[in-house]
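Dear colleague,

Please find below the structure that I am handing over to you, together with its sequence. The findings follow directly after it.

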Amino acid sequence: MTDPAEPGAPGNGAACENCATVLVGAFCHACGQAAEPAAASVRAFAGQAAADLTSLDSRLLRTVGTLVGRPGRLTREYLDGRRVRYTQPLQLYLGAAAAFFFVNAYRPFLTFDPRTARVVSSLNAIGVSGTVSRESLAPLAGRGISMELFRERFEATVTGYLPAFLVASVLLFGLVLHLFHRRAPAGYVGHVVFSLHWSAFFLLLMIADRLLPARAPGELPGLTDAVIALIASVYLGFALHRVYGGGWLPTVLRTVCLYLVYQVLLSIWMLSAIALAFTVLL
């Protein structure tokens, strides 16, 4: 460790190696880089890497634990200015989305059946489905594209479009929150932060849903789907109450409306990605 009395020590005229700002502590107040010099040995490098990984892991675990166990707490902490202890809302959401699409590779929530030309997409109790007309698919044979090859291209194209539409649905849900809570002091940005945290939790819940046994084709939603939907709506209600306050009766009414709106947005998300994929491929 550098001796504070040495000329190069922080607080004695030393400058940040990243931005040349005069240091007044263990971290640069301009760019945030640590005042300690780059590792000069393998041992020092390994020590710094281990410390960084431990810090990252602990913050991520703390963030996920708070997200799952204390509805609305992350948003409330962010709005109150206590942000350094937790992963940023957008990073958390993108991480949850990446994990969701990773699990989706194991069990896709959107499929195209080459035999029946039927598209089915479902998340828990939310589902959209339809059959593509044979006339629409007729040009594929002339281009030498089999139905199985079209299925692969279609599912890959939809998966590529889904993340962008998913972000759009989050922003739209933030707008809906703004319409319900126009007097909230944080404004639209605060609503987007809430939407990111809520959507991250919902995606984690959908990961759990994808890991459960699948319903048989044509089977109606059962008890498991109802329980997951109940968990999601109750979580949303507690999160709304913690962040926006107000009495429980208005909160319950807002929760019902907002949960239904969110389901509609997810349905639009799936339909938009499917429609765009068909437009591109056909």
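A residue is called partly exposed if its relative accessible area falls between the limits for buried, under 20%, and exposed, over 50%. Ser133 is therefore partly exposed, since its relative accessible area is 32%. Ser133 is placed in the loop between strand 3 (126–131) and helix 4 (134–137). Its C-alpha lies 9.1 Å from that of Arg118, although the two residues are 15 apart in sequence. Please note that the model is a predicted one, and that every value in this message is computed from it.

Overall composition

The protein has 282 residues, and 38% of them are buried. Its secondary structure consists of 9 helices and 3 strands, which follow one another along the sequence as α-α-α-β-β-β-α-α-α-α-α-α. Among the contacts in the protein with a separation of 6 or more, 59% are between residues 24 or more positions apart. The accessible surface amounts to about 15,700 Å², and carbon and sulfur atoms account for 65% of that area.

The hairpin of strands 1 and 2

Strand 1 (residues 110–113) and strand 2 (residues 118–123) run antiparallel and are joined by 4 bridges. Within this pairing, Phe112 stands opposite Val119 of strand 2. The hairpin has 4 residues between the strands, and Ala117 adopts a positive phi near 60 degrees there.

In a regular strand, side chains alternate between the two faces of the sheet. Arg115 itself is exposed, at a relative accessible area of 70%.

Glu155 and its surroundings

Which residues does Glu155 contact, leaving aside its neighbours within four places in sequence? They are Leu110, Thr111 and Phe112. The side chain of Glu155 reaches the backbone nitrogen of Phe112 at 3.1 Å. Glu155 also forms a salt bridge with the side chain of Arg151, again with its own N to O distance of 3.1 Å. Both Glu155 and Arg151 lie in helix 6 (residues 147–180), where they are 4 residues apart, about one turn of the helix. Glu155 has a relative accessible area of 16% and is therefore buried.

Salt bridges

The structure contains 7 salt bridges. Besides the pairs already described, Arg82 and Glu77 meet through their side chains at 2.8 Å, N to O. The burial of these two partners can be stated separately: Glu77 is buried, at 5% relative accessibility, while Arg82 is partly exposed, at 43%. Both belong to a network of salt bridges that links Arg73, Arg76, Glu77, Asp80 and Arg82.

Aromatic pairs

How many aromatic pairs does the count give? It comes to 14 aromatic pairs. One of them is formed by Trp198 and Tyr262, whose ring centres are 5.3 Å apart and whose planes stand at 65 degrees, so the pair is edge-to-face. This pair links distant parts of the chain, with Trp198 in helix 7 (residues 187–211) and Tyr262 in helix 9 (residues 248–281), 64 residues apart. Both Trp198 and Tyr262 are buried. They also take part in one aromatic cluster, formed by Phe173, Trp198, Phe201, Phe202, Tyr235, Tyr259 and Tyr262.

In brief, the points for your attention are the antiparallel pairing of strand 1 with strand 2, the contacts of Glu155 with Leu110, Thr111 and Phe112, the salt-bridge network that includes Glu77 and Arg82, and the aromatic cluster that includes Trp198 and Tyr262.

With kind regards

Technical notes:
Residues numbered from 1 in each chain as written. Predicted model: local features only at pLDDT ≥ 70, side-chain atom pairs only at ≥ 80, totals over all residues. Heavy atoms only, no water. Salt bridge = Lys/Arg side-chain N within 4 Å of Asp/Glu carboxyl O. Buried < 20%, exposed > 50% of the residue type's maximum accessible area, 1.4 Å probe, protein only. Helix = DSSP H or I, 4+ residues; strand = E, 2+ residues; numbered from the N terminus. Polar contact = N/O pair within 3.5 Å; in protein donor to acceptor, adjacent residues only side chain to side chain. Contact = heavy atoms within 4.5 Å. Areas by Shrake-Rupley, 256 points an atom, 1.4 Å probe, with all protein chains shown as cover. Pairing = 2+ DSSP bridges. Phe/Tyr/Trp six-rings, centres within 6.5 Å; stacked < 30°, edge-to-face > 60°.
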